[in-house]
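Reader: I am new to this structure and would like a close look at one part of it. Please take me through that part slowly, then show me what lies around it.

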Amino acid sequence: PFVVEYAHLFSPHNLNYFEKENVKTILGDGRRWLAESKKLYDVISVGVDSPYLPGSGTLYSVEFFQLARKKLKAGGVFSILVWGPDRALLIKSIRSVFPSLVLVPVYRESLIVIAFQANKLPERARLDRMSDETEKVFHALGIKDTKFYFTSLLRVGDDLAKEHLKKEELLDDTLPTDIHPFLEYGLSKEGSDLFSLGQRWKWRE
């Protein structure tokens, strides 16, 4: 709830999308809501902070990615933030359900994975075409040459995709699932540190 409550503080950067007439805000379990929805969607976007924190694993499992693809319209798009030492594993999990995807770098070592409902990527010209809303976001961030910046992000993403394919080939076939959400319980060092930090925040409250 606090994300919605304080969204107005970031209005110069989020374009006040919470206040738009065509936006309906629902507070609750997003995965359950998606599973029970009878609708199909053009875009499903997930912005969870971390796959290592308690409860986050349900949005990084193979079964969730399968649900998301099932709920997309033909030509639809799924996006999700990935970061951390298990980034290659997360991308491999997404790729096991969405064979067509692109990577977009955001900050530090974080990536937005954009996955397509179709089995092959759209033509490059379509990927390079910016929407008016995207251009507004870049302008709000102080970026003047938006076209150059946007295409540069995609080019860097191309190089990262090649790099990650090599890393994914070195991994075994064990992927995070609902039955085995091993990232959520912090088997990596960073995951353990984040879990401990979450516990400290809870204790302070």
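How many residues does helix 8 have, and how far does helix 8 reach from its first C-alpha to its last?

Author: This is a predicted model. Helix 8 covers residues 146-169. Helix 8 has 24 residues and reaches 35 Å from its first C-alpha to its last. That is close to the 34 Å expected at 1.5 Å a residue.

Look at the start of helix 8. There, a side-chain oxygen of aspartate 145 reaches to within 3.3 Å of the backbone nitrogen of phenylalanine 148. Now follow the buried residues of helix 8. They are Thr146, Phe150, Thr151, Leu153, Leu154, Gly157, Leu160, Ala161, His164 and Glu168.

Four strands form an open sheet in the order 1-2-4-3, with mixed pairing. Strand 1 (41-46) and strand 3 (101-105) stand at the edges. Each has a single partner strand, so one side of each is left without a neighbour in the sheet. From one strand to the next, the twist averages 15°.

Take strand 1. It runs parallel to strand 2 (residues 72-82), and five bridges join the two. Valine 46 stands opposite isoleucine 80 in strand 2. Helix 4 (residues 62-70) packs on the sheet and touches strand 1 and strand 2. The direction of helix 4 makes about 145° with that of strand 2.

Which residues of helix 4 are buried? Val62, Phe64, Phe65, Leu67 and Ala68 are. The buried residues of helix 4 pack against strand 1 and strand 2, and also against helix 3 (30-36) and helix 5 (87-95).

Strand 3 runs antiparallel to strand 4 (residues 111-116), and five bridges join them. Leucine 103 stands opposite valine 113 in strand 4. The hairpin of strand 3 and strand 4 has five residues between the strands. In that hairpin, arginine 108 takes a positive phi near 50°.

Last, the aromatic rings. A search of the whole structure finds six aromatic pairs. One of them joins tyrosine 52 and tryptophan 83. Their ring centres are 6.3 Å apart and their planes stand at 80°, so the pair is edge-to-face. This pair links distant parts of the chain, 31 residues apart. Tyrosine 52 sits in the loop between strand 1 and helix 4. Tryptophan 83 sits in the loop between strand 2 and helix 5. Are these two residues buried or exposed? Tyrosine 52 is buried, with a relative accessible area of 0%. Tryptophan 83 is buried too, with a relative accessible area of 17%.

A further pair brings us back to helix 4. The rings of phenylalanine 64 and phenylalanine 78 have their centres 6.1 Å apart. Their planes are at 65°, so this pair is edge-to-face. Phenylalanine 64 lies in helix 4 and phenylalanine 78 in strand 2, 14 residues apart. Phenylalanine 64 counts as buried at 3% relative accessibility. Phenylalanine 78 counts as buried at 0%. Ring pairs link Phe64, Phe65, Phe78 and Phe98 into a cluster.

Notes. Residues are numbered from 1 along each chain as its sequence is written. This is a predicted model: local features need pLDDT of at least 70, side-chain atom pairs count only at pLDDT 80 or more; totals for chains, interfaces and linings use all residues. Side-chain values use heavy atoms; hydrogens and water are left out. Two strands pair if DSSP finds at least two bridges between them. Axes are lines fitted to C-alpha atoms, for helices over the stretch in contact, and angles run from 0 to 180 degrees between N-to-C directions. Contact means heavy atoms within 4.5 Å. Buried means under 20% relative accessible area, exposed over 50%, partly exposed in between (1.4 Å probe, protein chains only). Rings of Phe, Tyr and Trp (its six-membered ring) pair if their centres lie within 6.5 Å; planes under 30 degrees apart count as stacked, over 60 as edge-to-face and the rest as tilted. The expected span of a helix is 1.5 Å times one less than its number of residues. A polar contact is a pair of N or O atoms within 3.5 Å; within protein, one must be able to donate a hydrogen and the other to accept it, and residues adjacent in sequence count only if both atoms are side-chain atoms.
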